[in-house]
Protein chains: 2
Amino acid sequence: MNATPQYRLVYESLRKHIEQGVYSEGDILPSENELCIVHNVTRPTVRKALDMLTNEGFIKRRQGLGSLVQSKPRGIGILSIAGTTSVIGRENLVTRVVVKPVVKRWPADFPFGLTKPERESGCIYFERVRLVNGQPIFYDISYLPNMNLPRFTRRKLDNHSLFNLLREVYHIKITGGEQNIKAIHASTTVQNHLDVDPSTPILHLERKLETSRIYFNVFSFLYCDTREHALFGSF
Amino acid sequence: MNATPQYRLVYESLRKHIEQGVYSEGDILPSENELCIVHNVTRPTVRKALDMLTNEGFIKRRQGLGSLVQSKPRGIGILSIAGTTSVIGRENLVTRVVVKPVVKRWPADFPFGLTKPERESGCIYFERVRLVNGQPIFYDISYLPNMNLPRFTRRKLDNHSLFNLLREVYHIKITGGEQNIKAIHASTTVQNHLDVDPSTPILHLERKLETSRIYFNVFSFLYCDTREHALFGSF
DNA sequence: TTAATTCACTTGTATTTACAAGTTATATCA
DNA sequence: TGATATAACTTGTAAATACAAGTGAATTAA
């Protein structure tokens, strides 16, 4: 018995095709009627999937013409390294887990408010560093509520997107969030992870990411060395 | 004959009630069935309106329980000073225009791509500084395409939101965008405007904001002194 | 008095049907 | 050969219908 709603199967299929380049910017997706046939569903189901792709910026719909693929989805909450796809080969962009996911209590002085279920469930804590051409440029500390994430602590996060993992394995989507952004001088820990000296200006983001799962937010504390590569976000 | 779709009338009505405080955070909206009766429409129409409110962060739906009002809608592209509403009185937050809006040609080395209509129309350029308790913390350089913005250069921007002005006067809404974020050392100009010394780390954002008007993007180059106040964004 | 069950609500998922309005290709007419 | 009308597609809007699954209050049983 497949518990995944049909509209979501259609959505994931189309989204994957767009991400894989089956459809490129400017292409027109198969019509709603064609998608009904291909997926063996009805138009409202297909339209719900297309609504989601529209909201996330993957496509733009034109009455009478079709659904046009856009090059840049609105990556809610997604940050990347500016120029990643064109300037840096994928093999020179590496994500390394420096502290593996581990269940912990929330820090007493955690700067974001927590829901009661979150507070009671503790958190999964891990740290990652992202390197470009061997040079560390991101240092990220993540906290997830320890809520219904079976075997999360055993998953390999190296070179994997946390957002994709949450969505594909746990059906948790990032739906929005908030962030505080600062320019700071690096602490000793950050200096060590990013391999910078004390005078380097460091970009610091404190982020709370809301999700499709109730009472479940993802928290991220990010430090970036942006001398060579800016941090890029779309919204 | 009313050209506005019914789902949008329902959406605007509910959104206005939430914004006006008829419903507060944590309140449960009338059920879908009740909204059908009130607005004389059917469930799919109501659900489309609720979908939109959900996507924009106004409400969160709970199967079996109802639609819960959330306090913070997703403010696309809006940045503010962290803690503004609770920590700083409105009278201590001042926006000052340091270069009034003037029509210019686009800089030859403008870092964002421009649409052909934008390139051909030139731009409206202005600079603003935002101060908290008399202390400058934001320095913003803005470029708008000089396209169908009657009398823009004569408008007073002190203590006015550019987004609100665009939406209310010119019916232009920010619909999304992208940004590069960096931590830098301040140039001399930035040092002067923000009243900082050369060692202060400065937050720098280069932003392209997409709008509801075709071929019309808003560009912003922002420098922030974040020692006292982080930059806050929700998405 | 407490626990279990039932009921009446809620939202979630999905189908079927119909017509409106936009776009583009094709056919027809001058 | 070019202009106009038509046809065949597209997405947009909306109703009607049905059942699944979640939630909390009320009722019943122990």
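## A salt bridge to start with

Arg15(A) and Glu56(A) form a salt bridge, with 3.2 Å between their closest N and O atoms; the term stands for a side-chain nitrogen of Lys or Arg within 4 Å of a carboxyl oxygen of Asp or Glu. Arg15(A) sits in helix α1 of chain A and Glu56(A) in the loop between α3 and β1 of chain A, so the pair ties together parts that are 41 residues apart in sequence. Helices (H or I, at least four residues) and strands (E, at least two) are DSSP runs, numbered from the N terminus. Over all chains, a search of the whole structure finds 16 salt bridges.

## What you are looking at

This is a predicted model, in which local features need pLDDT of at least 70 and side-chain atom pairs count only at pLDDT 80 or more, while totals for chains, interfaces and linings use all residues. Residues are numbered from 1 along each chain as its sequence is written, chains are lettered from A and ligands numbered from 1 in the order in which they are written, and side-chain values use heavy atoms, with hydrogens and water left out.

## A hairpin in chain A

Strands β1 (residues 59-62) and β2 (residues 66-69) of chain A pair in the antiparallel sense over four bridges; two strands count as paired if DSSP finds at least two bridges between them. Within this pairing, Arg62(A) stands opposite Gly66(A) in β2(A). Three residues separate β1(A) from β2(A) in the hairpin, and Gly64(A) in the turn has a positive phi of about 90 degrees.

## DNA strand C

The elements giving two or more residues to the surface near DNA strand C are α1 (6-19) and α3 (43-55) of chain A, along with α2 (32-39), α3 (43-55), β1 (59-62) and β2 (66-69) of chain B.

There are 24 residues around DNA strand C, and Gln6(A), Thr42(A), Thr45(A), Ser31(B) and Gly64(B) come nearest; a residue is near a strand if one of its heavy atoms lies within 4 Å of it. By class, this surface near DNA strand C has six nonpolar, eleven polar and seven charged residues. Ala, Val, Leu, Ile, Met, Phe, Trp, Tyr, Cys and Pro count as nonpolar, Asp, Glu, Lys and Arg as charged, and the others, Gly among them, as polar. Sugar or phosphate holds 71% of the atoms of DNA strand C within 4 Å of the protein, and bases hold the rest.

## DNA strand D

Around DNA strand D there are 25 residues, of which Ser31(A), Glu32(A), Gln6(B), Thr42(B) and Thr45(B) come nearest. Of the atoms of DNA strand D that come within 4 Å of the protein, sugar and phosphate account for 71%. For Gln63(B), a side-chain N or O atom is 2.9 Å from a base nitrogen of DNA strand D.

The largest share of the surface near DNA strand D, four residues, comes from α3(B). That surface near DNA strand D divides into six nonpolar, eleven polar and eight charged residues.

## Where chains A and B meet

Chain A gives 34 residues to the contact and chain B gives 33, where contact means heavy atoms within 4.5 Å. About 2,900 Å² is buried between chain A and chain B, 55% of it on carbon and sulfur atoms; buried area is the accessible area (1.4 Å probe) that two parts lose on being put together, summed over both. In chain A, Ile181(A), Ala183(A) and Phe235(A) lose the most area to chain B, together 25% of what that side buries.

Across this interface of chain A and chain B there are zero salt bridges by the rule, and eight residue pairs in polar contact, both at pLDDT 80 or more. On the side of chain A that touches chain B, β7(A) supplies the largest share, eleven residues. β7(A) also pairs with strand β10 (residues 231-234) of chain B in the antiparallel sense over four bridges, and Ser234(B) in β10(B) is the bridge partner of Glu178(A).

Note on methods. Polar contact = N/O pair within 3.5 Å; in protein donor to acceptor, adjacent residues only side chain to side chain.
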